[in-house]
Amino acid sequence: MIPLSVVWDADPVAFSIGSLEIAWYGVLWAAALLVALWIFARMVKREGLDPRLVDSGFLYGVFATIIGARLGHCLFYEPGEYFLHPFMPEFPWIKLLDIRGGGLASHGAAIGLLVGLWLFARKWKFPYIWILDRVAVMVPLSGALVRLGNLMNSEIYGDPTSLPWGFVFVRTGETVPMHPTQIYEAVAYLAIFFLLAHLYWRTKLAEERRGVIFGLFLILLFTVRLLIESIKLPQEAWEQAMALNMGQILSIPFIVGGGIILWRALRRPAQPYTDMPLAGNAAAKRKK
């Protein structure tokens, strides 16, 4: 007898335009990017910075995130197919670039975003940690939306469970309730977002204590990943024999890095920013 559970049979397609099907996953990814853009625009306006930072930062962030997410999936989860013989004529270049049909890895997205933001900071000649502290606020909310996209795709769920909130993922052929780890992660990410948003908007940490918010973000978000990954089904068959799956292994360096960043940030004295590209009026006042 199947225990009390939720029978999940959601259609992954949100709507169609002719023969083109638009998936909920894509819609929620787009929503995640637009939410991040909106939050970043508010931050730039709040701090009196050059409004051109918004569009520039968005472009750097979007392309770096998508490229990193796709390459991360290929490198971390399908290395045999893509990287054992990268210079052979049969190398699947088209499939490598297939974002719609291929997988996306959140750890790869994180690495790609870090690289893209570094390039963005170099272009505008301001401290790298400034953008990291601010992006750390918006990423958990965006991540929650992406995890809801995974739920609509009936993918990346957990082990069987007898808990009453288990989901029977009909479209993938499951017949017993499974942990809806997509929802677990989404809820945890929302909690992290509200905490970091409070620290940004209601305290002076982001203005004076460089790295505190980013360090907390790394520790909290990737600790959640480390814990929830322990009850997820393996994404690849070769992960079944591993003590820690690939998602857990990739989370550990981020947690350690976050701890180091937070420790160093708390040891430093308060250091307000004086070298940011300000908006026209603010820049004129600073010159006076």
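Before comparing any helices I noted the terms: axes are lines fitted to C-alpha atoms, for helices over the stretch in contact, and angles run from 0 to 180 degrees between N-to-C directions. Helices (H or I, at least four residues) and strands (E, at least two) are DSSP runs, numbered from the N terminus.

I kept in mind that this is a predicted model, in which local features need pLDDT of at least 70 and side-chain atom pairs count only at pLDDT 80 or more, while totals for chains, interfaces and linings use all residues. Residues are numbered from 1 along each chain as its sequence is written, and side-chain values use heavy atoms, with hydrogens and water left out.

**Entry: the whole protein**

I looked up the overall make-up and found 11 helices and four strands. Of the 288 residues, 44% count as buried, where buried means under 20% relative accessible area, exposed over 50% and partly exposed in between (1.4 Å probe, protein chains only). Among contacts (heavy atoms within 4.5 Å) with a separation of 6 or more, 72% join residues 24 or more positions apart.

**Entry: helix 5 and helix 9**

I then turned to helix 5 (residues 106-124) and helix 9 (residues 212-229), whose axes lie 13 Å apart at an angle of about 165 degrees. The two are therefore roughly antiparallel, since angles under 35 degrees count as roughly parallel, over 145 as roughly antiparallel, 65 to 115 as roughly perpendicular and the rest as oblique. On the helix 5 side I found Ser 106, His 107, Ala 110 and Leu 114, which meet Phe 214, Phe 222 and Arg 225 of helix 9. By class, this contact has four nonpolar, two polar and one charged residues (Ala, Val, Leu, Ile, Met, Phe, Trp, Tyr, Cys and Pro count as nonpolar, Asp, Glu, Lys and Arg as charged, and the others, Gly among them, as polar).

**Entry: helix 7 and helix 9**

Next I looked at helix 7 (residues 181-202), which packs with helix 9 at an angle of about 165 degrees, their axes being 10 Å apart. That makes helix 7 roughly antiparallel to helix 9. The residues in contact include Tyr 184, Ala 188 and Leu 199 of helix 7, and Leu 216, Leu 220 and Val 224 of helix 9. By class I noted 15 nonpolar, one polar and two charged residues in this contact.

**Entry: Ser 142**

Last, I looked up Ser 142, which lies in helix 6 (residues 128-152). Ser 142 is buried, with a relative accessible area of 11%. Leaving aside neighbours within four places in sequence, Ser 142 is in contact with Ala 32 and Ala 36.
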